[in-house]
Structures are given as structure tokens and as C-alpha cells.
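Keep the 3D view open as you read.

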Amino acid sequence: MWSLLITSNTQWVFFSTMMLGIAAGVIGCLSYWKRQNLMSDALSHAALPGVVIAFLLIGEKNLLVLVIGAAVSAIIGAFSIQWITTWSRISEDAAMGMILAVFYGLGIMLLTIANRSFGGNQSGLDSFIYGQAASMVKSDVMTMLVLAFVVLLVVFLAYKEWKIFLFDPQFAKGIGLSIRGMSILYTSVLVIAIVIGIQAVGVILMAALLIIPAVSARYWTQSFRMMLMLSALFGGVSGLFGTLISATGKSLPTGPFIVVVAAAIFIISLILGKEQGVLLHYFQLRMQRKKANAIGTKERSIT
Amino acid sequence: MTYTAWILLTAALVGLSCGLIGVFLILRKTAMMADAISHTVLLGIVLAFLVTKEVSGPAMLLGGILAGLITALLVQWLQSLKVQHDASMGIVFTTLFAIGVILIATSAGNAHLDVQHALMGEITFIPFHTITLPLAGDIPMATALLMIVLFVVLFFIAAFYKEWKITTFDPALAASIGIPVAAMHYLFMGLVSVTTVASFDAVGAIMVVAMLIAPAASAYLWTDKLSVMLILSGMFGVSAAFTGYVIAAWLDTSISGSMAFATGIFFTVSFIFSPKHGVIAKAVKPAV
């Protein structure tokens, strides 16, 4: 294992999954406050047909091209969900579930064709389902790093606008901030954060990396800035350690391990967290009860 | 029966039972719960396999039902701790699913269960695993399982038809006249899990979501009556299964993927042409 760690390519892979976790953690906070946690799940599944189509078109596994394909099909998925909910009486969660499953089905259809025409599983596209960080090469790593950096930059440069957009849309309208523009920007960064993760984490579990760190961070702070930082930290740690654990075994999928690390952080936050953590909540309740009892007995002794 | 006939029968059974259950998923606005349960059922099946060391119907069914109910309970519990509803769903199912995949990849890897199979289903292998039943003779195990599940689903829908109707459309009224709303919720989640487990072998974890949601959503655009919606949704489910098979045979590709895709076609047609709720109807006669 240690010999694996010191080869420079693996170091880059670790670095890139860490950056991926950081970017996903930050974007996850935006989704958390937009109350669209499961949208990332729908969009990551919807990315699959795009990946396969891009592969069929160029005939080789170039991450940048596949990521563009993934982004296009995820955006089509996002628009479809919006059309269905605005034009019919189907609720948003039904529309998301449907788009998720139908797009994924189409992806599997195309994947079967791609695998057949390129001889067995030679295409290596199967790694996009569960994630296989070990299959990444230097150019893949670079693509991921650059895109993750772009996402982070967009969030931090427009930090104030995001805050207004998420917490006070009425005020945003008042000061002339385009809600429509911000929504488009939001969907774009969300899609980028999802598609850069598809190779390392896979389309099925990518949503976890956007949801879990943000919810965990919520247990430690009331401030949005702090939540972004913590969520980024939790995401980065999950990405790094998940990849590390999966690298110890031969051809273990990366995605599930990253998710399990994130879930462990969530459970710790849930129990120990200083905002509404289970343990603290329990002690507060007990203290209040004791105080109430004490006051009760005092009152009784007076009368 | 011939090989193709068995496959078509199995597919039709999946379409029918999923279509029926899906109606209540749509009306109760818990569609994403189907997504969550279909993922966690994998963990239940893997654990059942690790305990019994065999791929047997009853153990898998039990494991799947337990996993489904545990998912529902965990989501409810996280929600009671003030986690947003959809976030708690996202946390629970991705985590349990990840554990399932890890277990398959590390311990059950070379057995009958493999990740690929669990996720995509392999309906083409179904006719090879037969069991002998009295009266019916040799029939594929998965098909027999689906028949039993369809009967269970039909029984529960018919037996508590009025209760389903009231708890679905007016939970407050249901509670006030003494219907155990929470118990009905978990019974329903149990039914969703049973249907998912039984369909698992045929269409896999994610395509079952398409089968559960899309036919019912399409039917919802055609009618306002629960009984009609149930019949329509069942019909759409079966037709989508057949259409999917034809597409798969034509393109020589994954049958389960094509079936999921076919449910999308049915929905698109309903979405555009439905006389009351379709896009064309709305464009022609806006603002009702």
C-alpha cells in the first residue's frame, strides 16, 4: 500500500478527490439552503447517457469530453424536471424520480451497446457507475482540478450575492439582482460539481458527497460562512480518506468508501454537534427539567 | 412455455405490480422514497445472502423488506431530529447503498451476486433458475416470486381500499376517524419494499424506480379517479415492459434499460397529448 502512496500519479489522484470533496461540500451548502438536496441525485443519474454518447462519438476515454457530455445531459435532465413540474400537475419529487430512472435506463442501454462495440468492458465506462479513482490518469486529474477550482471561485467571488439569493430572494429582487441569472448560475455550478465527480465517485453515489457534508456542517455552526468552510473540510476529508481506503484493496470501487467516510463524519456530528446535536440536546433537556423541578419544589416550599 | 414467453411474463408482472404500487407513491407524494428504498433493498439482499450463503427467494424477500422498513424508520427518525426531509432520505439511502456495494465488492464478489447484476438486473437469465411447484410445474423462481408478490399487493389494495383512499387524500380525516395512519404508512413502505425486491432480479435497483414512478405519473395525467388510475397505471406498466423488450431485441441491448426508457416514452406521450392535463390541451385552452 505504501509503495502505492508514494508514486506521484496516486498523489495527484488523492489530491484531486480531495478537491472534488471540497467543491462538492461547498456546492452542497447551496443546495441545502435551496432545499433541493435530492436534485443532485437526479442530475447525477441523468448524466450517464451523456457520458456514453460522448464516448461513442469520440471513441476514446477523454475525461474533458465525457464531462461535457455528462453536463449536457444533466442540464437536459434539469430542464425536463422543470418543464414537467411547471406544465403538469406532477410533483417535483415524482418528476425527479422519473427523470433519474429513465435517463439512467437510457444510459444503461447505450452503455451495453458501447461495451459490445468496443469489445467487452474495454471502454472502462463501467467505472463511471461506482467510481474508480484508480483509473484516472494525469489529464483526468487536471480536468478535475481546474473545474473544481472554477466552481470554488464562482462561489467565493459572488459570496454576497449567493447569500442574498439563498436567504432573502425578495431583497435580491429589490436591489436588482437577477434571480433568473442566479438560478442559472446555481444550476451550472451544481452540474459542474456533479460531473467532475462521476469518474472518482460514480453517478449513483455522487449525490451523497453533495448532501452529507453540508448537513453535517449544519450541526456545528449557525453562520453560513462557517458552514461553507466546514462542509468543504468534511467533503475534502471524505474524498481523501475514502480514496485512501479503497486504494488498499485491489480494484475496489472508490465511491462507496468516500460515502461511508462522509456518513461517519455525519454520525459524529449528529451526536456531538454543538447545534442541535443529540447529546447536547439531551443534556439541555435534562438541565431544564432539573431547573424546572428545583423551581417547582421551591415554590411548593414557599406556599 | 418458451424462453421468450417467460421473459415477457416476468416483465409484465413487474410492470403490473410496480404500476399498482406506484399510484399510491405518486398520490402520497413520496415518489423519491421509492428511489431510496430501491437502493437500500440491495443491502438487505446482500446481508440475507451473507447470512444464508445462498440466493434464496424467501430470505432475500425478508432481508429486502427489513431494509426497506429500516430505511423508512431512519428517514423518519432523522426528520424528527430536524434534518430536512429530502436530505435525510439522501443521507440514509446513499450510506446504506454504499455499505451494500462494499460488502458485495469485498466478500460476496465471486458469488452469484455481483454489483453489475444487482444494479442492472438480468432478465435474460431468469428462465434458467426454475423451481418446481405443485400444479404449475417448472416455473422460473423470479417469476413465481413476482406472482406471489402481485397477489399480496392486490390483496392489500383491495382489502384496505377505502382506508388507502382516506389516508392518501386526507390523512387528518383518517386520523380523526381512527385509521392508524402511521401503521398504514409502514405497511405501504413494506409493500413498496416487497415489490422492489421481487422486481430486483428482473430489472435491477434503479430501473425499478422507473417502473414504479413513470406509469403511475402518466396515468395521473389521464384521470382523476383512483380506480381508473390504478387500472391505467397497471396497463401502462405492462405495455412499457413489452415495448422495452421489443426495443431491446431490436437494438440488441440491455432489456431492463430499455424498459425504463420505454416508461419514459409513455410518460412523454401522456405529458404532451393528455386531453386534460397535457401540454397541447393547456396551450389550446389556457387558464382553466
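Which residue follows α4(A), and is its phi positive or negative? It's G59(A), and its phi is positive, near 75°. Keep in mind that this is a predicted model.

Now look at helix α4 of chain A itself, which covers residues 48-58. Its buried residues are L48(A), P49(A), G50(A), V51(A), V52(A), A54(A) and F55(A). And what covers them? Among the elements of chain A that do so are α3 (39-46), α5 (63-87), α6 (92-117) and α7 (127-130).

Over in chain B, find helices α9 (residues 181-220) and α10 (residues 226-251). They pack with their axes 8 Å apart, at an angle of about 130°. The crossing of α9(B) past α10(B) is right-handed. Here's who makes the contact:

| Helix | Residues in the contact |
|---|---|
| α9(B) | M211(B), P215(B), A216(B), S218(B), A219(B), Y220(B) |
| α10(B) | M229(B), L232(B), S233(B), F236(B), G237(B), A240(B) |

Sort the residues of this contact by type and you get 9 nonpolar, 3 polar and no charged.

Finally, see how the two chains meet: 48 residues of chain B are in contact with 44 residues of chain A. On the chain B side, the elements giving two or more residues are α2 (31-52), α4 (85-106), α5 (115-120), α9, α11 (255-273) and α12 (279-284). The top giver there is α4(B), with 12 residues. By type, that side of chain B splits into 32 nonpolar, 11 polar and 5 charged residues.

Definitions and conventions: Residues numbered from 1 in each chain as written. Chains lettered and ligands numbered in written order. Predicted model: local features only at pLDDT ≥ 70, side-chain atom pairs only at ≥ 80, totals over all residues. Axes fitted to C-alpha atoms, helices over the stretch in contact; angles between N-to-C directions. Helix = DSSP H or I, 4+ residues; strand = E, 2+ residues; numbered from the N terminus. Left-handed = near helix turned anticlockwise from the far one by under 90°. Contact = placed C-beta atoms within 7 Å. Nonpolar A, V, L, I, M, F, W, Y, C, P; charged D, E, K, R; others polar. Buried ≥ 20, exposed ≤ 12 C-beta atoms within 10 Å, placed from the backbone.
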